[in-house]
Amino acid sequence: MTEDNTRNAGTTLHDVIAESLKQLAAEKKNRKKWLLIQPKSSTSMMVDSGSVSMPLNLIMVATLAGDLFDVEFLDERTGDRIPDDFSGYDVIAITSRTLNAAKAYRIGDRALSQNKIVLLGGVHPTMLKEEAAEHCTSVIYGEVESVWPDLARDILQGTMKPLYRAHELHPMTAMQCPDFSYALNSAHADKYSSRIPVLATKGCPVGCNFCTTPTVYGKSYRYRDIDLVLEEMQYHQERLGKKNATFSFMDDNISFRPQYFTELLEGMSKIGVRWNANISMNFLHKPEVAELAGRSGCDLMSIGFESLNPDILKSMNKGANRLQHYSTVVDNLHKNGIAIQGYFMFGFDDDSEKSFQATYDFIMQNRIEFPVFSLVTPFPGTPYYEEMKPRIRHFDWDKYDTYHFMFEPKKMQGEKLLENFVKLQKEVYKGRAIMKRMQGKPLNWVWLANLKMHSFTKKLKPELYL
Ligand code: B12
Ligand code: SF4
């Protein structure tokens with residue numbers, strides 16, 4: 001699949017297919033009823049707690065299904081209760097990542113025992129389709145958009161296949177605008193973060209061995225017309241009656257194509273939104289890019305610094321991360337009023353006690369506003385998982401939340417790893433350290449996040465990570 005911006009060709013085909021599906025649905029006496037489920041994970045860490053982001057994955061499924069079926073939407077993370085009795089529904093469609101796979105499977109098993117059509121989709125069922133197949137009628141491999149005509153037709157005709165997997169991925173230009181009403185009208189919608197999820201690009205050609213993206217989205221880089229992304233943002237500005245609506249990009253690597261990225265930023269600067277994104281550092285060391293990001297309304301960038309150890313960066317093959325650029329990137333962003341959520345990972349074979357000190361020094365010297373620490377987690381289905389499998393301590397999916405001890409690194413005892421991991425978090429979120437990192441910065445949710453982390457890290461103990 002190549003990059004694609006042939007909007008008209010995609011739209012025409014899309015319209016023909018959509019029309020034939022609508023006709024097929026109209027021939028049926030009763031509209032089938034779907035229940036879409038976002039399960040909550042069982043982790044004790046701060047993953048599914050507090051305000052959570054609206055699940056764009058299920059919203060996309062609902063957007064497509066809503067044209068042909070009656071759709072109900074439950075998000076267990078916000079407090080919606082998943083019923084034991086599914087008798088009011090024909091199709092139970094569940095999304096799953098690894099950390100909530102066990103829960104998703106339990107729901108799937110229950111629905112299967114009640115003779116429902118059960119669909120399992122999302123990263124985990126895609127990566128481990130054979131395992132997932134035992135808990136559902138059909139596994140949806142990768143994005144729903146690329147298999148939708150086939151899946152919808154089979155549901156209408158009652159001829160289900162065990163696996164729906166696209167031969168080729170659809171261009172993003174044919175992606176329907178997400179219908180947020182399913183999430184916004186849900187019973188506990190007030191638990192959703194005010195940041196609206198938005199997607200401009202999919203996929204990433206880099207292919208790091210620990211990443212699920214090459215399997216889920218392929219190695220091509222696809223992107224939407226910038227006008228469509230901006231239109232979607234303007235729709236939300238109007239819906240909310242405010243210009244500075246805030247958006248959170250769900251993209252894997254939004255800055256992979258510099259020209260697309262800078263054009264998108266120029267577009268956003270004209271409509272006056274606020275936004276944040278996961279971003280790779282590839283060209284943020286250029287002051288003009290950081291200046292444009294600030295001007296376009298970026299208030300937070302989430303950056304995977306990962307490690308301060310050059311050997312580890314080399315082994316990860318993460319080309320965008322050049323240690324010599326780290327401080328320049330931070331400085332450029334800070335000069336433009338952009339706060340940094342910095343991700344740091346520990347537990348690599350090359351980690352030693354020195355890694356912790358180097359990370360502490362970097363965070364404090366560069367006044368990183370919101371540092372997030374995790375433990376290396378080989379996710380099932382990735383080449384890294386296959387490589388590490390003989391050394392992985394457990395295969396309990398509830399613990400695949402990037403906060404559990406997965407394997408003993410070569411240069412450090414597991415005990416020492418966890419001791420240092422806890423100590424670093426406590427040090428960085430001590431009152432004095434927060435003041436040093438945050439003094440003079442705007443009084444907003446980033447401050448609040450620090451205060452929350454202050455109380456959370458006080459309670460941390462190495463045993464919690466086992
Ligand atoms: C943005 C993002 C986040 C955001 C927002 C998460 C959210 N609420 O959606 C934040 C920063 C909060 C986050 C947090 C975490 N994340 Co995250 N995140 C992503 C990222 C980059 C994009 C996800 C996304 O929204 N994509 C856009 C939507 C539209 O696409 P989608 O989710 O793939 O859904 C499509 C298909 O999968 C399919 N589909 C999905 N579900 C279903 C269900 C049915 C029934 C059907 C038919 C189809 C279907 O159709 C959808 C539409 O096309 C992915 C990487 C990736 N590309 O998947 C990582 C990723 C999902 N995250 C990951 C991880 C590890 C985490 C955390 C555990 C990190 C942490 N320690 O905090 C938490 C877990 C949060 C949680 N409760 O799930 C891993 C998960 C790995 C795994 N095997 O489970 C990923 C894959 C990154 C990686 N390392 O490879 N994340
Ligand atoms: S650069 Fe990021 S999105 Fe791309 S393959 Fe590596 S980890 Fe995955």
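This is a predicted model: local features need pLDDT of at least 70, side-chain atom pairs count only at pLDDT 80 or more; totals for chains, interfaces and linings use all residues.

The mean pLDDT of the protein chain is 92, and 97% of its residues reach 70 or more.

Let us turn to the domains. The domain assignment of the protein chain gives domain 1, covering 7-165, and domain 2, covering 179-465. Their C-alpha centres lie 28 Å apart. How many residues of each domain are in contact with the other? The contact involves 33 residues of domain 1 and 31 residues of domain 2. On the side of domain 1 that touches domain 2, α2, β2, α3 and α4 each supply at least two residues. The largest share comes from α2, which contributes four residues. By class, that side of domain 1 has 17 nonpolar, 13 polar and three charged residues.

Next, the ligands. Ligand 1 is surrounded by 38 residues, and the closest are Asn-57, Thr-95, Arg-97, Gly-121 and Glu-143. Both domains take part: the shell around ligand 1 draws at least three residues from each of domain 1 and domain 2. Which elements each supply at least two residues of this shell? They are α2 at 56-65, β3 at 91-95, β4 at 117-121, α4 at 123-127 and α8 at 213-217. The element that gives the most to the shell around ligand 1 is α2, with four residues. You will recall that α2 also provides the largest share of the side of domain 1 that touches domain 2. By class, the shell around ligand 1 comprises 19 nonpolar, 13 polar and six charged residues.

Ligand 2 has Cys-204, Val-206, Gly-207, Cys-208, Cys-211, Thr-213, Asp-252, Asn-253 and Ser-280 around it. Sorted by class, these are four nonpolar, four polar and one charged residues.

I now come to helix α11, residues 287-295. Its buried residues are Val-289, Ala-290 and Ala-293. Seen down the axis of α11, these buried residues fall within an arc of 95 degrees, so they line one face of the helix. There is a general principle behind such a pattern: an α-helix has 3.6 residues a turn, so residues three or four places apart point the same way. What do the buried residues of α11 pack against? They pack against α10 at 258-271, β12 at 298-306 and α13 at 326-335. Just after α11, Gly-297 takes a positive phi of about 105 degrees.

Asn-115, in the loop between α3 and β4, has a phi near 60 degrees. Is Asn-115 buried or exposed? Asn-115 counts as exposed because it has 11 C-beta neighbours inside 10 Å. Arg-367 has a positive phi of about 50 degrees and is found in the loop between α14, 353-366, and β14, 370-375. With 17 other C-beta atoms within 10 Å, Arg-367 is partly exposed.

Two further residues show how parts of the chain that are separated in sequence come together. Arg-393 is in the loop between α15, 383-388, and α16, 414-428. Arg-393 and Met-406 are 13 residues apart in sequence, and their C-alpha atoms are 5.5 Å apart in space. Setting aside residues up to four places away in sequence, Arg-393 touches Phe-405, Met-406 and Phe-407. Arg-393 is partly exposed, with 13 other C-beta atoms within 10 Å.

The other is Thr-457, which belongs to helix α18, residues 445-458. Thr-457 and Glu-427 are 30 residues apart in sequence and 9.0 Å apart in space, C-alpha to C-alpha. Not counting residues up to four places away in sequence, Thr-457 touches Gln-425, Lys-426 and Tyr-429. Thr-457 is likewise partly exposed, with 17 other C-beta atoms within 10 Å.

Thank you for your attention.

Notes:
Residues are numbered from 1 along each chain as its sequence is written. Chains are lettered from A and ligands numbered from 1 in the order in which they are written. A residue is near a molecule or strand if its C-beta atom, placed from the backbone, lies within 6 Å of it. Ala, Val, Leu, Ile, Met, Phe, Trp, Tyr, Cys and Pro count as nonpolar, Asp, Glu, Lys and Arg as charged, and the others, Gly among them, as polar. A residue is buried if 20 or more other C-beta atoms lie within 10 Å of its own, exposed if 12 or fewer, and partly exposed in between; C-beta atoms are placed from the backbone. The arc is that of the directions from the helix axis to the C-beta atoms. Two residues are in contact if their C-beta atoms, placed from the backbone, lie within 7 Å. Domain bounds come from an automatic or database domain assignment. pLDDT is the predictor's confidence in each residue, from 0 to 100.
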